[in-house]
Amino acid sequence: MSWRAGLRLVAMAIWLVGCVTAYYLVAILPGRNPVPPVFLAGIAFIAGVEIEVRGTPPRRAMLLANHVSWMDIPVLAATARSAFVAHDGLQGHPILKRLCEMNRTVFIARSRRHTVADQVAQLREALEVNHVLTLFPEGTTGTGDCLLPVKSSLLSAIDPPPEDHDGPVPIVPVLLAYEDAPDVAWGDQPGPENFIAILSRREPVRVTVHFLPPLAGEELAGRKAMAAAITAHLSDGLNAAGLSKTPALA
């Protein structure tokens, strides 16, 4: 481990302790606890992530983003104050599970279609509190220079889009375009190894977050239509950013 990674780990540990303390101090207040997105934004800063935003981060939306790295989480929390939809396998890690719960993560059972009704109810409840949720419809991380197949089955819980007191929640495509995508992406690299590699970098990790227009009209006509629309919008965005295009459905 490099000295740079060591210093950043110490800084993250101190930041974690401070934010957990703050979290419980303000936990009695109504509504969403403001500390978790601030904590995640701080993690991005400590890790050396430089963020540029294109478009307007929505205050109320279901975000569908490409998935490149663990950094996607703090980046979207920093820019959109987003909570996240995650697979229920993360619940097997007690510390990670607790941190996810503090940010009101919605855990879904991706392999069991009969739980879709429960997932819809979870999403609606979470949106009432969080206002912004992010789902990664590729279902896993890629190399960052192409789009993996968008799994329409993962969109079952937002078909049709969930509603809150203001009506249907906008479905917003989000493109995460990393400047050195293949170098920082998780890919086949083990998670801890990638984490330390990022913290060891001398150069900053530069990422541009593109908030694209919400899906509309026929793009919302079922999960397959949504998957096709997300594939088209994110693939076009990757091309515009000078990255590869791999449109696919699954």
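Biologist: At 46% relative accessibility, does Tyr24 count as buried, partly exposed or exposed?

Modeller: This is a predicted model, in which local features need pLDDT of at least 70 and side-chain atom pairs count only at pLDDT 80 or more, while totals for chains, interfaces and linings use all residues. Residues are numbered from 1 along each chain as its sequence is written, and side-chain values use heavy atoms, leaving out hydrogens and water. Buried means under 20% relative accessible area and exposed over 50%, with partly exposed in between (1.4 Å probe, protein chains only). At 46%, Tyr24 therefore counts as partly exposed.

Biologist: How many aromatic pairs does the structure hold?

Modeller: Rings of Phe, Tyr and Trp (its six-membered ring) pair if their centres lie within 6.5 Å; planes under 30 degrees apart count as stacked, over 60 as edge-to-face and the rest as tilted. The number of aromatic pairs in the structure is three.

Biologist: What type of pair do the rings of Tyr23 and Tyr24 form?

Modeller: Tyr23 is buried, at 12% relative accessibility. Its ring centre lies 5.1 Å from that of Tyr24 and the two planes stand at 90 degrees, so the pair is edge-to-face.

Biologist: What type of pair do the rings of Phe84 and Phe136 form?

Modeller: Phe84 counts as buried at 4% relative accessibility, and Phe136 also has 4% and counts as buried. Their centres are 6.3 Å apart and their planes lie at 10 degrees, so the pair is stacked.

Biologist: How many residues apart are Phe84 and Phe136?

Modeller: Strands (E, at least two residues) and helices (H or I, at least four) are DSSP runs, numbered from the N terminus. Phe84 belongs to strand β3 (residues 83-87), whereas Phe136 sits in the loop between β5 (132-135) and β6 (163-164). The pair thus links distant parts of the chain, with a separation in residues of 52.

Biologist: Which residue stands opposite Leu64?

Modeller: Two strands pair if DSSP finds at least two bridges between them. Strand β2 (residues 61-65) runs parallel to β5, and four bridges join them. From β5, Val132 and Thr134 point one way and Leu133 and Leu135 the other, and all are buried. The residue of β5 opposite Leu64 is Leu135.

Biologist: How many disulfides are counted?

Modeller: A disulfide is a pair of cysteine sulfur atoms within 2.5 Å. Cys19 is buried, with a relative accessible area of 8%, and Cys146 is partly exposed, with 24%. By the distance rule, the disulfide count is zero.
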